[in-house]
Amino acid sequence: MTAASSRPRIAIVVTFFGAPPIWLPAFFRSCQTNPDVRWLIYADFDVPTPPNVTIKRMELREFSARASDVVGTTITIDPALVRKICDFKPLYGLMFADDLRDFEFWAYSDLDVIWGDVRQFVTDALLNEHIIVSPRQRKLGGHGTFFRNTETNNRLFEIVPDVLTHLTNPHYVRVDENLLTRALRELIARTSFKARPKIYWEDEMTITAEYQKALLAGERDWQLPWREGHAFDAEGREVMYLHFHKLVMCLKSIDFGFGDEPPAFALTRTGIVSRPSAP
């Protein structure tokens, strides 16, 4: 077996219901340059994708049915409160188990992301030594947390106190980030060193909400560049991905489409623009 084929296999899971966002060609372009990572997108739209991205058609009612099967009680997500699906991210290992069986790790993420070099940050060594790898310091990130694909890990959401109450609440209550983070910290605090779950959450691998708010508040123009498979913040620090949820209102235009392969592009205050690679 070659070194490449023995690497931990990774699938990144995204769920989305609604019209495809305008920036989707940029998302796909950033996925395309990570050929040994797979994206599984469960959505109610269908558009052309790169070879390592699969859209699996799903309606919100089927998502609710799968969630119901996992937790053993009826889950009905209101289309007007569709952000509630984020609370179910830690359940994806069970909800989509059939599609994930060939992967050693799966991650939950979002579409408001531009990916850099995933394997540069989530290395084989990190994956082999940990059951969870988070892109945030001392917390889980709802936009890119990686789980070892085992039955035990896929049921970690069950350590959240009153988790069924939170999951049946019609509103998003951050089970995927705050509540599961708190439960994991409490588990670590009461567990012997040898028995503690091995979680890597030492680095900030993406830009934070505060960072994005500061860009918006500033008077100067800014760019968040992507170049040939690598993503950078406005100061040039390389990140695993750009999570731009606070900047969505800026992205009203994009100058390339599905299937286009610009060598570089940038998120700016006025949209997404392609540009030549830096020398």
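Two strands pair if DSSP finds at least two bridges between them. Strands here are DSSP runs of type E with at least two residues, and helices are runs of type H or I with at least four, both numbered from the N terminus. The structure is a predicted model, in which local features need pLDDT of at least 70 and side-chain atom pairs count only at pLDDT 80 or more, while totals for chains, interfaces and linings use all residues. Residues are numbered from 1 along each chain as its sequence is written, and side-chain values use heavy atoms, with hydrogens and water left out.

**Strand 9 and its partners**

Strand 9 is joined to strand 10 (residues 230-232) by two bridges, and the two run antiparallel. In this pairing Trp 226 stands opposite Ala 231. Strands 9 and 10 form a hairpin with two residues between them, and Glu 228 in the turn has a positive phi of about 45°. Strand 9 (residues 223-227) is also antiparallel to strand 13 (residues 264-268), with five bridges between them. Here Gln 223 stands opposite Thr 268.

Arg 227 lies over the face of Phe 232, 4.3 Å from the ring centre. A charge sits over a ring if NZ of Lys or CZ of Arg is within 6 Å of the ring centre and within 35 degrees of the ring normal.

**Aromatic pairs**

Rings of Phe, Tyr and Trp (its six-membered ring) pair if their centres lie within 6.5 Å; planes under 30 degrees apart count as stacked, over 60 as edge-to-face and the rest as tilted. By this rule the count comes to 16 aromatic pairs. Two of them are listed below.

| Pair | Centre distance | Plane angle | Type |
|---|---|---|---|
| Phe 63 and Tyr 92 | 6.2 Å | 90° | edge-to-face |
| Trp 115 and Tyr 241 | 4.8 Å | 50° | tilted |

Phe 63 is in helix 2 (residues 60-71) and Tyr 92 in helix 3 (residues 92-95), 29 residues apart. Trp 115 lies in strand 5 (residues 113-115) and Tyr 241 in strand 12 (residues 241-243), so this pair ties together parts 126 residues apart in sequence.

Buried means under 20% relative accessible area, exposed over 50%, and partly exposed in between (1.4 Å probe, protein chains only). Phe 63 is buried at 0%, and Tyr 92 is buried at 0%. Trp 115 is buried at 0%, as is Tyr 241 at 0%.

**His 143**

His 143 is in the loop between strand 6 (132-133) and strand 7 (144-148). At 5% relative accessibility, His 143 is buried. Contact means heavy atoms within 4.5 Å. Beyond four places in sequence, the contacts of His 143 include Trp 115, Glu 177, Tyr 241 and His 243.
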